[in-house]
Amino acid sequence: MPDPTLARPHDPPRDGPLRYAHDPSRLLLDIRNLEVRFNTPEGVVYAVNDISYGIHEGEVIAIVGESGCGKSVSMMSILGLIPKPPGEIAGGTATFMGRDLLTLPESDLEQVRGIEIAMVFQDSMTSLNPVLTISRQMTESLRRHYNMTDEQATARAIELLELVGIPDAERRMSDYPHQFSGGMRQRVMIAMMLACNPSLLIADEPTTALDVTIQAQIVELVSRMRERLGMALIWITHDLGVVAGLAERVIVMYAGMIVEEADVDSLFDNPHHPYTMALLAALPRVDRRRDNRLNSIPGSPPNLLNKPRGCPFAPRCIYTIDRCRSERPPLIPLSPTQRTACWVTTSDDFKYERRQDSGYESQSAGTYE
Amino acid sequence: MKDDKIRDMNLKALAPMSDITPSNGHEPLVRVIDLKKHFPIRKGLIIRHTTGHVRAVDGINFEIARGETLGMVGESGCGKSTAGRTLLGLYPATGGETHIAGYHVQEATGDEWMAIRRQAQMIFQDPFSSLNPRWTVNAIIGEPLRVHRIIEDEAARTERVKELMALVGLDPRFINRFPHEFSGGQRQRVGIARALASEPIFLVCDEPISALDVSIQAQVINLLEDLQRQLGLTYLFIAHDLSMVRHICDRVAVMYLGIIVEMADKDDLYEKPQHPYTQALLSAVPVPDPKVARHRKRIVLEGDVPSPINPPSGCRFHTRCPIAQPHCATHVPEWREITPGHWVACHEVEPKFRP
């Protein structure tokens, strides 16, 4: 829990959302102090540890992090999509249009999932039923949620497939998922999600398995659909490149915690969490000549079987001080649009210098992992 | 003794080679000449008959100089991985030939074959499925030493395995651990140590980092660079991450549907791409900088890669090409050197190239 005494005079109120270009009164989803655990035979996995953030109507945010950082689990848990047990929501609230999703009965949650919040997953092959035609899968939700007749539902489904750019949509309705390419399947998934005109679309690594050319198509499609239908978008990814071109605001997660949250320009120009800095310095650029070795981050992400004491990044961080190991830093506001969970870099006398000077020297081959 | 023999064979075979001069001016270590790999499509339950061929690699030519890193990029299904395996002789070639350090890979047998296997190694994409889960790291890394009879004494072999582990940044104390006890990045290091055990001179790295997290990717890339410098290795680096390819490679070849459409020094290729496919591919790569990303012009290609069973006539890219002309569907573009070291196969690069 953040210590209220840490608040500085210029801090925005801790219990309110940060100020962004979006009208704060139009907060669509408000997650507070969410904690998710998995009780496994090896022990308790602390997957999501006290995270809070919100998304406004029509806003695009990205949640960035590496595998196992809790970025997908946090989203799936608020939609009731994690198996319980072993999963367990140990605390927090997730207010969506005035209702707490975490306490909603399953039948109501099903309505929310189908109509208000839609989710597109990474693996379109496993998200579609391989033994049912696209027609059957697309019309089911239309008939179910909107009481459409078969003809109406089919007509609407064809319209949606055309909208997402599937050529020859009418004929392809009778095809099975395996007859589509990866990019086309992802388009079908998006068409299915749009069927109900949701106010929030959650895209969980939707382009990770795709080639860059197809990824560009999908990113463009989702942006276009979002603008057209005015929905909010949460894009979960590990790819900072996609984030730069798509998101208005970025949340960086590490070991089940939010370590930094900022508008997209501040995050890339003026990152303050050492993990964000290191991630950016580890990326080569396609549009620039090579200037140096990549800056690598030594070690690997922590095992979430142990609830981290202190800052989870401390063992891999070059700025670590004693306090980092004993006390978990809260998200400290740096500006109205940026919050960073770090004891060191948020102090007034810390100065970030870009790239080679970020201090992340590459690990030499002789250093043990 | 054995080493001397191999070295002699190398020297004998390294005659002056072809018209394509690799960028750094050194003699080529690897030569690939019109290499083809077609996979038959068989149908029928009792009477099996071949109904067609997947033309995964359909005539590629390139050379790699000693100490050079050649990148090979393209979308999934373009044949880049098949090319890597076929040129090593892991798949029998349908046509064409490869020469590695002077050995003719497709004709080698017996001692020569073993010498190629020893000198040319592969690093695989998936560090989870490419290591035997029931073997200790000692057995995995030591296997090439045993197979090639490099070190026959078991205690001495264990010592060498420890050295190799240290070389790739793994703690030698973990020598008796099993693959599942390591993280993804560490497992990739085990795979690299195994590849290095037989002291190869040429490594095919097939998507070596795409299964790893960003923070681990940089570790493995830096390791590969350090090893190249220390051991004088030559790499064929197959990847779909165009940013990483620009970072690590000297030259880059772009593949589309089984053929190479453009090849050049990396900065030349990334700054002055000539083939419309290369241009589209590069424009689709996201840039981790919001200000640049906002103003980047994307060339969005329509549709997916056509089937390699029946590749399009003429230029294979004409069905998706934004500047395709009628003659592109009828005439196969010639492979031309437009500036020194910059090769491209496209009719539309210059008006005089049109048929």
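How many residue pairs are in polar contact between chain A and chain B, counting pairs with both at pLDDT 80 or more? The count is 17. Keep in mind that this is a predicted model.

**How much surface is involved**
- Chain A puts 51 residues into the contact, and chain B puts in 56.
- Interface size is often quoted as the accessible area lost when the parts come together.
- For chain A and chain B, that buried area is about 4,500 Å², with 54% of it on carbon and sulfur atoms.

**Charged pairs across the interface**
- There are 8 salt bridges between chain A and chain B.
- One of them joins the side chains of B:R294 and A:D265, at 3.0 Å from N to O.

**Two strands in chain A**
- Side chains in a regular strand alternate between the two faces of the sheet.
- In strand β6 (residues 117–120) of chain A, A:I117 and A:M119 point one way while A:A118 and A:V120 point the other way, and all are buried.
- β6(A) runs parallel to its partner, strand β7 (residues 200–204) of chain A, and the two pair over 4 bridges.
- Across from A:A118, you'll find A:L201 in β7(A).

Conventions. Residues are numbered from 1 along each chain as its sequence is written. Chains are lettered from A and ligands numbered from 1 in the order in which they are written. This is a predicted model: local features need pLDDT of at least 70, side-chain atom pairs count only at pLDDT 80 or more; totals for chains, interfaces and linings use all residues. Side-chain values use heavy atoms; hydrogens and water are left out. Contact means heavy atoms within 4.5 Å. Buried area is the accessible area (1.4 Å probe) that two parts lose on being put together, summed over both. A salt bridge is a side-chain nitrogen of Lys or Arg within 4 Å of a carboxyl oxygen of Asp or Glu. A polar contact is a pair of N or O atoms within 3.5 Å; within protein, one must be able to donate a hydrogen and the other to accept it, and residues adjacent in sequence count only if both atoms are side-chain atoms. Buried means under 20% relative accessible area, exposed over 50%, partly exposed in between (1.4 Å probe, protein chains only). Two strands pair if DSSP finds at least two bridges between them.
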